[in-house]
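Please read it with the coordinates open.

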Amino acid sequence: MCLGIPGQIVEITDTANYMARVDVSGVRRTISVRLLEKDMPEVDDWVLVHVGFAMAKIDETEALLTLAAVKKLGEAYDTEIEAFDSSSII
C-alpha cells in the first residue's frame, strides 16, 4: 500500500530545484516540492507527502487528524514509515 502521509517542512534545502526536508513521525528526508511551486511551502508548513513529492499543503489540524487516522492502520502505517525512511528521490 502507498499512502499520502502528512509531513512538516523543517528546511528548504534547495530552492532552485524545489527540494525541502520534511519530518514525518520523526523520520526526516528530502522531498520534492515542485508540484507546489505556485504556492511554495515554508518551514513549519504541513504538506501531504506521496512517493517523495509534496502533493498539497494542508493545515496543522488536518495533518494531525490524518496522522492519527493513519497510525490506526497498524502494520500498513509501519510499513509506509519504513519505506519512507529507506527511500530517496535523489
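Predicted model: local features only at pLDDT ≥ 70, side-chain atom pairs only at ≥ 80, totals over all residues.

The points below go from the overall fold to the core, the salt bridges and the surface.

1. The protein has 2 helices and 5 strands. From the N terminus, their order is β-β-β-β-β-α-α.

2. The protein has 90 residues, and 36% of them count as buried. Take the contacts with a separation of 6 or more: 44% of these join residues 24 or more positions apart.

3. Core. In soluble globular proteins, nonpolar side chains tend to be buried together. Here the largest nonpolar core has 16 residues. Those with the most contacts inside this core are Ile 9, Val 22, Ile 31, Val 33, Val 47 and Ala 54. At least two core residues come from each of strands E1 (5-14), E2 (19-24), E4 (46-50) and E5, and from helix H1 (60-71).

4. Ala 54. Which residues does Ala 54 touch, leaving aside those up to four places away in sequence? The list is Ile 31, Ser 32, Val 33, Leu 35, Leu 36, Val 47 and Leu 48.

5. Salt bridges. The structure holds 3 salt bridges. One pairs Asp 23 with Arg 28, the closest N and O atoms being 3.2 Å apart. Asp 39, Asp 45 and Lys 57 are linked in a network.

6. Asp 39 meets Lys 57 at 3.2 Å, N to O. Asp 39 sits in the loop between strand E3 (27-32) and E4, and Lys 57 in strand E5, so this pair ties together parts 18 residues apart in sequence. Asp 45 meets Lys 57 at 3.7 Å, N to O. Asp 45 is also placed in the loop between E3 and E4, 12 residues from Lys 57.

7. Lys 57 is partly exposed at 31%. Asp 45, at 23%, is partly exposed as well.

8. Nonpolar patch. Leu 35, Val 51, Phe 53 and Met 55 make a nonpolar surface patch of about 370 Å². Met 55 lies in strand E5 (residues 53-58). Met 55 counts as partly exposed because its relative accessibility is 42%.

9. The E1-E2 loop. Ala 16 is in the loop between E1 and E2. Ala 16 counts as exposed, at 59% relative accessibility. Ala 16 and Arg 34 are 18 residues apart in sequence, and their C-alpha atoms are 9.8 Å apart.

Definitions and conventions. Residues numbered from 1 in each chain as written. Heavy atoms only, no water. Patch = residues over 30% accessible without salt bridge, like charges linked within 9 Å, V, L, I, M, F, W, Y side chains within 5 Å. Areas by Shrake-Rupley, 256 points an atom, 1.4 Å probe, with all protein chains shown as cover. Salt bridge = Lys/Arg side-chain N within 4 Å of Asp/Glu carboxyl O. Helix = DSSP H or I, 4+ residues; strand = E, 2+ residues; numbered from the N terminus. Buried < 20%, exposed > 50% of the residue type's maximum accessible area, 1.4 Å probe, protein only. Contact = heavy atoms within 4.5 Å. Core = buried A, V, L, I, M, F, W, Y, C linked by side-chain atoms within 4.5 Å.
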